[in-house]
Amino acid sequence: MAARKGRRRTCETGEPMEAESRDTSSEGPAQVYLPGRGPPLREGEELVMDEEAYVLYHRAQTGAPCLSFDIVRDHLGDNRTELPLALYLCAGTQAESAQSNRLMILHMHNLHGTKPTPSEGSDEEEEEDEEDEEERKPKLELAMVPHYGGINRVRVSWLGEEPVAGVWSEKGQVEVFALRRLLQVVEDPQALAAFLRDEQAQMKPIFSFAGHMGEGFALDWSPRVPGRLLTGDCQKNIHLWTPTDGSSWRVDQRPFVGHTRSVEDLQWSPTEDTVFASCSADASIRIWDIRAVPSKACMLTTATAHDGDVNVISWSRREPFLLSGGDDGALKIWDLRQFKSGSPVATFKQHMAPVTSVEWHPQDSGVFAASGADNQITQWDLAVERDPEAGDTEADPGLADLPQQLLFVHQGETELKELHWHPQCPGLLVSTALSGFTVFRTISV
């Protein structure tokens, strides 16, 4: 791909976290901190956020941490960039006790951009700044329903005008919840209070399936056939759900046969109704066609896609590319036209621990993001080539080892689990971690 003009690489100029000396005797200049490259933080140094590297940055907590979430498409419009922003998430908790878990809708709004640097001025100006700061405070409402058992994965889809969530539970069940009521009450404080008081405990799934005989994580709704669902478990089985009349599903009891260990992730093809991909702890990635009987539906296999577990995959909606991340910390791009070769067309290594989430940008075909157990979120662009006239490596020789497609490294989270691009707000990323949710947009994307 040709180099894209105007894309700003910030791994060297706008690193979101900087190492800055906090020695009480003297404060040294701030330095860019590159995880895994260069010396570790010394005593007296800490990471400080560089707000100039972000267009928008907000954090939120929900009590118990959420292992998984999904973004709910809304009716506020596509391609919206005007601030402040609003968005809706569906998430599930991993609480200490099974009875304490919740499935929830989060309404985040009044999300302003990063604040300009404060300037010295009169008392009157300071009062105006305080009023402005109050008006700029982000807001969060939660509509929750009880859920017995920790929630391993949540994926949202629309069945016509009805929003639903597929939920994988650690108790070995996959359930479907209707979300309309939760989305209604989260808009109105009085309705929300009444719901939490009178209705919350009565909310039940509209459908559940216990045929997996154990827990799992893999779950994906078809983007082309409303209501068609795939679920995969830790027992190596994948089941196909076919919608029937009246908010119900017929689940094929015959599993798709091929993987020898836990199925970690599933992705439907964005262009073909019957084709999907899977990845597994057996180190393989497989391509399937549901028109064949389940025992013969595996059409293509790369047996050793990674050195160890393949944790996550993402199928590009704009190019014939599959992106994968594994326990080996590698990110690999597979051209499905050459999948039989068993070789990726690109491999990137920035993460120093297992990759926990990957996703292609919904509008920009060359851009993707990844998160890792090393507490990094990385943004990449296949179209970027290093500008030899920019003098990057002369300014900091440590940058010479960085992959030229690496746009941005975000740090500061603890035990990162999952990330998603917002499909209607270009460049906006949302992540969940033990430390909570983060919503941000960088100057790079």
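Buried means under 20% relative accessible area, exposed over 50%, partly exposed in between, with a 1.4 Å probe and protein chains only. Nine of the nine residues of E6 are buried, so E6 is largely enclosed by the rest of the structure.

This is a predicted model: local features need pLDDT of at least 70, side-chain atom pairs count only at pLDDT 80 or more, and totals for chains, interfaces and linings use all residues. Residues are numbered from 1 along each chain as its sequence is written, and side-chain values use heavy atoms, with hydrogens and water left out.

Next I checked the neighbours of E6. Strand E5 (residues 66-71) pairs with E6 in the antiparallel sense over five bridges; pairing needs at least two DSSP bridges. Seven bridges join E6 to E7, also antiparallel. Cysteine 90 stands opposite aspartate 70 and opposite isoleucine 105 in E7.

Then I turned to serine 316. Serine 316 lies in the loop between strand E21 (310-315) and strand E22 (321-326). Serine 316 counts as buried because its relative accessibility is 3%. Leaving out residues up to four places away in sequence, serine 316 touches Pro270, Phe321 and Trp360 (contact: heavy atoms within 4.5 Å). I also found a polar atom of its side chain 3.0 Å from the backbone nitrogen of glutamate 319.

Notes: Helix = DSSP H or I, 4+ residues; strand = E, 2+ residues; numbered from the N terminus. Polar contact = N/O pair within 3.5 Å; in protein donor to acceptor, adjacent residues only side chain to side chain.
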